[in-house]
2 protein chains.
Amino acid sequence: MHKKPLILVTNDDGITAPGIRTLIAVMKDIGEVVVIAPDSPQSGMGHAITLDATISCDEVKLNDESHREYRCSGTPADCVKIAISEILDRRPDLCVSGINHGSNSSINVIYSGTMSAAIEAGIEGVPAIGFSLLDYSWHANFEPLKQQVKKIALQVLEQGLPDGVVLNVNFPKLEQGLFKGIKVCRQARANWVEEFDKRTNPQGKEYYWLTGKFVNLDHGEDTDVWALENNYVAIVPVQFDLTAHRFLPQLKTWKL
Amino acid sequence: MHKKPLILVTNDDGITAPGIRTLIAVMKDIGEVVVIAPDSPQSGMGHAITLDATISCDEVKLNDESHREYRCSGTPADCVKIAISEILDRRPDLCVSGINHGSNSSINVIYSGTMSAAIEAGIEGVPAIGFSLLDYSWHANFEPLKQQVKKIALQVLEQGLPDGVVLNVNFPKLEQGLFKGIKVCRQARANWVEEFDKRTNPQGKEYYWLTGKFVNLDHGEDTDVWALENNYVAIVPVQFDLTAHRFLPQLKTWKL
């Protein structure tokens, strides 16, 4: 009999978020699930790891379910490290992260705790997928995503992923109707234009809140932003070799 | 008369670290310097940004010097965002980050607060360089680096950098002698193998410290790790479009 695949589930919104509960439900259809997720929200943590503080990782029972779950005081990347190194008895066959409450398309992959967990798994040689929904609400409707999430996870288990590549999957927020389909995309060249909200505290000291506007000047129809605006599910293959190979020859001509 | 270039200086070890003080000294030879750096160490922060807390950014005078300095409660990426959006009167001509106390070669670019500051500047369209020294000591000797740091910064100001590319510069720790030269490299394919140090607190609860061994199975002589092991200064051009373009055609053949 074929052994069930071992699936590590994590996220950055914290172990009680509806997004990860949906992901767990889908993965239990596919394999043996172990959850190791942050004990509190970790949005915007990028690829942070905990070097100057201790990490706790405690088994919990959130529902009357049979799979193992651990809540971890660390970042999403810490969760994956501790899962693979300490908690799991064998190397997972798949790591899934999310489903994030909010977009991780375009440049947001850099800031994303959801994607840092997937990338950390990729660095450790585990096939990995980050899932996100373009809806920040805690009460977002994850039901319509389940079928697509399952299909993508099954394809990764069947086909594998090349060394050094993980998948970044974003779902549009559907007002009504169905997803038009799944599009394989490149990351749009867009960025945030910051608008710091400057305030004064009761003691008269100034402080800021980071806010901003997402500006996309990339009008290509092969980008994740385009796909999402047109009601497609966007999949971007993401790499963590950051070398700008195309610039190496020119840089070698510099007087250094 | 040619206007002096405006240079934004930041780091992840905090504004009082000897590494950034060296970098400030070198940059004052080249242009007008403004320092906006974390008020405390931020190593391993990756590309974290502060979304769930307020940020303070206060002008300070650390030495009897004429340039402006600000200490910021945020992450290195926050420092660059707030610098460009709120503090600086005009767009900087260059952003330099470091000099980090410790290596940021190979996969460490992903975890590095030093490099996240440089990458954030790159995202904002500002030419940027992260500098690191392979010596974690607070008392590391930064003197031999000054000439090379200046040379590389001047080249970036003169030549510019392509859109979407920043530089990651690592210096070997010299026991004696001189750097053999500067090598343009690719990021070595290496990673950390975690070794969590499990302990018990006075109340009997288990916790962990994250430790690990850096394992490099990439024996190419064109990598940053090779260059550093052979006493060269390593420069890797780093990109923040994470799309694995080479895998797009194959992924498009999947049954999705």
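In this predicted model, the contact between the two chains draws 62 residues from chain B and 62 residues from chain A. On the side of chain B that touches chain A, these residues comprise 35 nonpolar, 16 polar and 11 charged.

The same surface serves both copies, as 100% of the contact residues of chain B recur in chain A.

In soluble globular proteins, nonpolar side chains tend to be buried together. In the present model, the largest nonpolar core contains 159 residues. The members of this core that touch the most other members are Ile36(A), Ile36(B) and Ile129(B). When neighbours within four places in sequence are left aside, Ile129(B) is in contact with Val96(B), Ala118(B), Ile152(B), Ala153(B), Val156(B), Val166(B), Leu167(B) and Val169(B).

One of these partners of Ile129(B), Ala118(B), is among the buried residues of helix α4 of chain B. This helix spans residues 113-123 and is mostly covered, with 11 of its 11 residues buried. Just after α4(B), Gly125(B) adopts a positive phi of about 85°.

How values were computed: Residues numbered from 1 in each chain as written. Chains lettered and ligands numbered in written order. Predicted model: local features only at pLDDT ≥ 70, side-chain atom pairs only at ≥ 80, totals over all residues. Contact = placed C-beta atoms within 7 Å. Core = buried A, V, L, I, M, F, W, Y, C linked by C-beta atoms within 7 Å. Buried ≥ 20, exposed ≤ 12 C-beta atoms within 10 Å, placed from the backbone. Helix = DSSP H or I, 4+ residues; strand = E, 2+ residues; numbered from the N terminus. Nonpolar A, V, L, I, M, F, W, Y, C, P; charged D, E, K, R; others polar.
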